[in-house]
2 protein chains.
Amino acid sequence: MNNSEKKNEYGSVGIVETKYFTFAYPPDEFVLTNKSKLGPVNIAYETYGVLNEDKNNAIMIFHALTGDAHAAGYHSSGDKKPGWWDTMIGPGKPFDTDKYFVICSNIIGGCKGSTGPSSINPKTSRPYGLSFPVISIRDMIIPQKKLLDHLGIKKLFCVAGGSMGGMQLLQWLVSYPDLSKGAMIIATSPTHTAQAIAFNSVGRYAIIKDPNWNSGDYYEGEKPDRGLSIARMIGHITYLSEESMHKKFGRKIIDDKQSLADYANFTKEFEVESYLQYQGKSFIKRFDANSYLYITKAIDNFNITDGFENLADAFKEIKAKCFVLSFTSDWLYPKEQSIKIVKALKINGIETTYTNFDSPYGHDSFLIYDERLKKLFSGFLKSLEELVL
Amino acid sequence: MNNSEKKNEYGSVGIVETKYFTFAYPPDEFVLTNKSKLGPVNIAYETYGVLNEDKNNAIMIFHALTGDAHAAGYHSSGDKKPGWWDTMIGPGKPFDTDKYFVICSNIIGGCKGSTGPSSINPKTSRPYGLSFPVISIRDMIIPQKKLLDHLGIKKLFCVAGGSMGGMQLLQWLVSYPDLSKGAMIIATSPTHTAQAIAFNSVGRYAIIKDPNWNSGDYYEGEKPDRGLSIARMIGHITYLSEESMHKKFGRKIIDDKQSLADYANFTKEFEVESYLQYQGKSFIKRFDANSYLYITKAIDNFNITDGFENLADAFKEIKAKCFVLSFTSDWLYPKEQSIKIVKALKINGIETTYTNFDSPYGHDSFLIYDERLKKLFSGFLKSLEELVL
């Protein structure tokens, strides 16, 4: 059953519209972690459900590396693909839009409506390219706090994020420790391991070595599609588990098919090869190579303990009840990294539940429809209702 | 202590020379698995130690993906880097050249002296490029059997190989089940998983998408160095363990250094990035991109059970005593794959010892100096002395 078939059964938020919010008009520009200034800054965002009178039913969702503001619903009646977390957001779903007001915005540095390297630099009237400042995970969350202020929301019912969304969430909790009742910290890490940096760095290398990259100034010509597709293919392998790849593809062959693998007499192409190539080709239609460079570097540079003695010290002011979730088959952010987070929260006496969820789908498990996972999410959100912030 | 410092302490085979053997002169060409014909075929090989009068002290070594015939010793007095398995081959070492006659040859399809896509096609007087036929792991071992015949050797004391060398060895045992007293099957697999295929396929994609690749016809112009270096970087990550990367690099930063990562204001470069880029750059100096395509495809296509009911059926004629070795931190060919081999050998009543060796160095562990590993190797080889073939 695919997402669109599930639409009717579980309810959908229906047709949604991306909205925009702008702040940091010069001379009051946004000052980034590295002291650069950026402005004006546009933030693309979507909201689902209705903000109640007390303005205490808002849930903020942070997206992952290649995500965007479009977390649920459809952009038009002909739109076949719902938002990226449509399995979880909608009437009757865990992030229940009959009860909660759900907000998701595109990060700065991205390419889906918020200001990023592909946006027009007002000073030059050309795309920023590499004149876009280096960003940090912290620089991603401050604009989202500005958005909350803009919406007149002072407290959040819950914050949730997986993967890089989880990193944003950890930074959110450290920067704004008393803003949220609950926090759902999913498939993430306090900092990248050398291996995770290594995978990202080969992706970046593939982009900057693409002759079309042209030092990031490619917006008026051919794009570094080869490099970006290679980066995506590498990333995609790390998002799946060996087990799920084995189940899905095994050693199955596509026969009698003209394909890239046909370059010599290599007429046998493995399904997994064709699948990865398809992933690479789809990705270049929707993502900007410079955004990929800036965002992956922000992820690799992220270390939530920077400026603190250790992880427990970083978490000492957090007031939110926390739900930490890892997946048994996630080898990109294995459970040990979630357990570190759990221990540091518990050292501070922060109410924390932890689940190492049994799933064969690897790092991407949190994006896959799973009835048990929905129940876990619903249960945690329900437990927040009794709490007072 | 590096390899060259260990040279004096443990003994070295000293200065060695690569030799050449040619067979399959037309019209008696070598018929490959896919029915193509190739000839003449050159095989580059090296030998260490002395073949005894009974010609029963020979050990055949099969090399891995990027290996070559130069397994031990030095090519000149100024040569700083010994052969790729110099830790194991030499006087007093496990493959003891005071006792054994050790043979290692470069596979066909390779680029280190044996006939491969970069060799001159006698029919056109130009490099084969993509007119080189698709090869299989079986096609790699038949020429090595021809070499044995050429050397007048009818039986082997032992055969040994790690990684793709282990695949050649499995094929050797199936094709020539009664030729060897012992077999050392190291860090390998009966067939590639979808994940292992996926990593190789992204490397191939990077090569064929390099504009310099030119459908494999690049020998007179610029080479597809970008693509090949990306392929190597991806491969290299899979050869190391997360643990060894963490110990070696962690999140260490190279500061104040002009580097690729300097493309924007990304002045912080992780050591692991710089290391991988160095690996990529070194590799392109010594390896041919087309060879990388042909050899990785042979690896991905390899399935030792092809033509048999199952693994045990494939192994039913094997007469060699077997030593199977996996490494605790090898995630490319994890222990489960070695255990499959062990079970299939034992079902056939083949005398087999198995070790899952505790090492933090990942797949490449078999190439790393380790005194315990040497003892394991020596012990197994000693146990063969009592056996009669």
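Which hand does the crossing of α4(A) and α8(A) have, left or right? I looked it up: the crossing is left-handed, meaning the near helix is turned anticlockwise from the far one by less than a right angle.

Ground rules first. I'm working from a predicted model, where local features need pLDDT of at least 70, side-chain atom pairs count only at pLDDT 80 or more, and totals for chains, interfaces and linings use all residues. Residues are numbered from 1 along each chain as its sequence is written, with chains lettered from A and ligands numbered from 1 in the order written.

**Helix pair in chain A.** I checked α4 (194-208) and α8 (289-301) of chain A, which pack at about 155° with axes 10 Å apart. Axes are lines fitted to C-alpha atoms over the stretch in contact, and angles run from 0 to 180 degrees between N-to-C directions. The pair is therefore roughly antiparallel, the label for angles over 145 degrees. Helices here are DSSP runs (H or I, at least four residues), and strands are E runs of at least two, numbered from the N terminus. On the α4(A) side I noted Ile197(A) and Arg204(A) among the residues that meet α8(A).

**Helix α3 of chain B.** Next I looked at how covered α3(B) is: 11 of its 12 residues are buried (20 or more other C-beta atoms within 10 Å of their own, C-beta atoms being placed from the backbone). Trp172(B) is one of them. The cover includes β5, α2 and α8 of chain B.

**Between chains.** I found 45 residues of chain B in contact with 45 of chain A (C-beta atoms, placed from the backbone, within 7 Å). On chain B's side, α4(B) gives the largest share, 10 residues.

Definitions and conventions:
Two residues are in contact if their C-beta atoms, placed from the backbone, lie within 7 Å. Angles under 35 degrees count as roughly parallel, over 145 as roughly antiparallel, 65 to 115 as roughly perpendicular and the rest as oblique.
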